[in-house]
Every structure is written in structure tokens, then in C-alpha cells.
Amino acid sequence: TVIGERPLVFLFVWGEDLEKIWGSWQKMRALLDDFRERVRGVSMKNPYVVAMVATAEEGKRSVEELGVDAVTSYVGSIPGGYDNTESYTRFSYNSLSQADRILWDSFRSAGLKVLPIVSTGWDPRPHRDDIWGYGGYKTGPVVESATPNQIASHVKESIEWMKAHPETAEIQTLIVYAWNELSEGGWLVPTKQEGDARLRAIDAVLQEMLKN
């Protein structure tokens with residue numbers, strides 16, 4: 001919960017997904033309003049709803065038409081990542097973390113409340129021939145596997161960004177892509193190769209920040 005015990009709720013709004021699933025933005029607004037009423041009806045506070053969007057434009061529309069409180073994203077999107085329509089394009093992890101930072105700033109410039117997205121990676125090649133959902137990832141960006149320290153540093157800079165912009169990051173909360181999207185290249189969950197090195201690196205950064 002955040003800001004006076006308001007339940008924190010995330011709503012996935014991504015490109016055409018909302019209209020594909022719910023039919024229209026108007027129908028989604030009606031459902032969201034009904035959800036808020038049901039939550040308040042069981043003596044809970046008005047939910048703090050965060051839309052997960054791809055762009056600042058989607059974020060503004062989500063605030064204006066859906067009445068959400070803030071925005072974040074599902075995963076960072078590297079500019080030009082899908083320009084090659086024939087094959088994958090390789091990028092460094094720094095390119096992905098920089099794309100995250102650009103997105104945070106674009107949200108802020110649009111006057112939105114923000115929960116920074118911290119991406120741990122992106123490599124959906126295991127889904128190349130996936131026939132469900134999007135029909136497979138046959139092109140697009142493939143990001144080199146991040147080191148635990150790179151991920152921890154990205155978490156640190158997101159916290160520093162929130163502290164520098166308290167009016168924008170009003171609930172001082174970030175979201176990480178992802179706990180266990182291993183088949184899409186983003187994870188924090190312990191693995192055979194790394195063990196819990198990513199979690200330990202993040203913990204070390206958080207402990208150091210608490211001291212300061």
C-alpha cells in the first residue's frame with residue numbers, strides 16, 4: 001500500500017493490447033471505475049493505479065482517459081531495436097539501461113507521476129517460434145546478458161532519480177523487469193549459472209545507500 005494505505009495496483013496498457021483485450025478505452029475506464037468502487041465497498045482505500053505503458057503519449061492517455069494515478073513500463077524499449085525486420089539486432093546492456101532513463105525523463109517531461117522501470121535484460125529468442133500471443137519474436141533487439149553489478153548500479157540510479165524528483169516519483173517505488181522472465185532475457189531469480197549473485201549485488205547497493 002502507498003499514500004495513506006491505498007492498495008498499489010498495476011494495469012497493463014501496451015500498444016494495442018488494451019483495445020484487443022477490453023474492446024475500447026471507454027470500456028476499460030468503466031471496468032476500472034467499477035473496480036475502484038468494489039475496493040472501496042469492502043472498506044479499503046481508493047487504489048493507487050499505475051499504468052504500464054510504452055510511451056509518454058500512452059501514459060498521458062491513460063491518465064486522461066482511464067484516470068490512473070501514475071505510469072511505469074513493462075520493460076525498456078531501445079530506440080531502433082525493431083528497425084531490422086529480417087533478423088535480431090544486438091545491443092549492450094548499457095543501451096537498455098539508457099533507454100530506461102530516457103523513458104523516465106519522458107514521463108516526467110509529460111507531467112506524469114512515475115515509477116521508474118529497471119530492466120534487467122531482453123532476449124526473447126526462446127520464443128522465436130511461439131505461436132501464442134504475438135506469434136513469436138523473429139526480429140527485434142537482443143541485449144547482452146547484464147552482470148549483477150550492472151543491474152545493481154541501474155537500481156541505484158533509479159533510486160537516486162526518484163530522490164531527485166520527489167514530486168514526480170511521489171510514492172518512491174520502482175518496478176523491475178523481471179523476477180523470472182528467463183525466456184525473455186530478464187530475471188532476478190537465482191539460476192544455476194549465477195546463483196543469487198544478482199540479488200546479492202542489489203542488496204549490497206541498498207545497504208550502502210541506507211548508510212548514506
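Reply: A pocket here is an open set of points on a 1 Å grid over the protein atoms alone, where a 1.4 Å probe fits and protein lies on both sides within 12 Å along at least five of seven lines; its lining residues have an atom within 4 Å of a point. The model is predicted, so local features need pLDDT of at least 70 and side-chain atom pairs pLDDT 80 or more, while totals for chains, interfaces and linings use all residues. Residues are numbered from 1 along each chain as its sequence is written, and side-chain values use heavy atoms, without hydrogens or water.

The second largest pocket has 13 lining residues, and S145, A146, G185, W187 and Q193 lie nearest its centre. Its space comes to about 180 Å³, a volume filled by probe spheres set on grid points joined across faces, edges and corners. Its lining holds four nonpolar, six polar and three charged residues (nonpolar: Ala, Val, Leu, Ile, Met, Phe, Trp, Tyr, Cys and Pro; charged: Asp, Glu, Lys and Arg; polar: the others, Gly among them).

Now the helices (DSSP runs of H or I, at least four residues, numbered from the N terminus). Helix α5 (residues 148-164) and helix α4 (residues 93-109) have axes that come within 11 Å and cross at roughly 15° (axes are lines fitted to C-alpha atoms over the stretch in contact, with angles from 0 to 180 degrees between N-to-C directions). That makes α4 roughly parallel to α5, a term for angles under 35 degrees. Their crossing is right-handed, meaning that the near helix is turned clockwise from the far one by less than a right angle. On the α4 side, Y93, N94, S97, D100, R101, W104, D105 and R108 meet Q150, I151, H154, E157, S158 and W161 of α5, contact being heavy atoms within 4.5 Å. By class, this contact has four nonpolar, five polar and five charged residues.

Helix α5 also packs with helix α6 (residues 197-211), at an angle of about 35° and with the axes 8 Å apart. The α5 and α6 crossing is right-handed. From α5, the contact takes in P148, N149, I151, A152, V155, K156, I159, E160 and K163, and from α6 A197, R198, A201, I202, V205, L206 and M209. Eleven of these contact residues are nonpolar, one is polar and four are charged.

One backbone detail remains. Y177 and A178 are joined by a cis peptide bond, with omega about 5°. A178 sits in the loop between β7 (175-177) and β8 (180-181), strands being DSSP runs of E, at least two residues.

Terms used: Parallel < 35°, antiparallel > 145°, perpendicular 65-115°, else oblique.
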